[in-house]
Amino acid sequence: MQKYICTVCDYIYDPKIGDEDSGISSGTAFEDIPEDWECPDCGVTKEDFEPYNEE
């Protein structure tokens, strides 16, 4: 599954982990996260995330 990185604070959303504190269970693809979800570290919206490719 594709990881996504916050362009503001570099938080990485990993679908294998999810974001339990925000009610996003593990296995949830980034595309399936509600539009009003916010970055748990800095509070920006999904619009400020981009696909993360590990080198």
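## Close-up views of a predicted model

**View 1. Asp-19 is buried but forms no salt bridge.** Its nearest side chain of opposite charge, that of Lys-46, lies 12 Å away. Buried here means under 20% relative accessible area, with exposed over 50% and partly exposed in between (1.4 Å probe, protein chains only). A salt bridge requires a side-chain nitrogen of Lys or Arg within 4 Å of a carboxyl oxygen of Asp or Glu; for charge, Lys and Arg count as positive and Asp and Glu as negative, while His and the chain ends are not counted. This is a predicted model in which local features need pLDDT of at least 70 and side-chain atom pairs count only at pLDDT 80 or more, whereas totals for chains, interfaces and linings use all residues. Residues are numbered from 1 along each chain as its sequence is written, and side-chain values use heavy atoms, leaving out hydrogens and water.

**View 2. Asp-19 sits in the loop between strand 2 (12–13) and strand 3 (49–52).** Strands (E, at least two residues) are DSSP runs, numbered from the N terminus. The Asp-19 side chain makes a polar contact with that of Ser-22 at 2.7 Å (a pair of N or O atoms within 3.5 Å; within protein, one must be able to donate a hydrogen and the other to accept it, and residues adjacent in sequence count only if both atoms are side-chain atoms). Beyond four places in sequence, Asp-19 is in contact (heavy atoms within 4.5 Å) with Tyr-11, Tyr-13, Ile-24, Trp-37 and Pro-40.

**View 3. Three strands form an open antiparallel sheet in the order 2-1-3.** Strand 2 and strand 3 are at the edges with a single partner strand each, so one side of each has no neighbour in the sheet. Strands pair if DSSP finds at least two bridges between them. Four bridges join strand 1 (residues 3–6) to strand 3, including Tyr-4 with Pro-51 and Lys-3 with Tyr-52. Two bridges join strand 1 to strand 2, and Ile-5 is partnered by Ile-12. The hairpin of strands 1 and 2 has five residues between them, and Asp-10 in the turn has a positive phi of about 70 degrees.

**View 4. Phe-30 lies in the loop between strand 2 and strand 3.** Phe-30 counts as buried because its relative accessibility is 7%. Beyond four places in sequence, Phe-30 is in contact with Tyr-4, Tyr-13, Trp-37, Lys-46 and Phe-49. Phe-30 and Pro-51 are 21 residues apart in sequence, with 9.5 Å from C-alpha to C-alpha.
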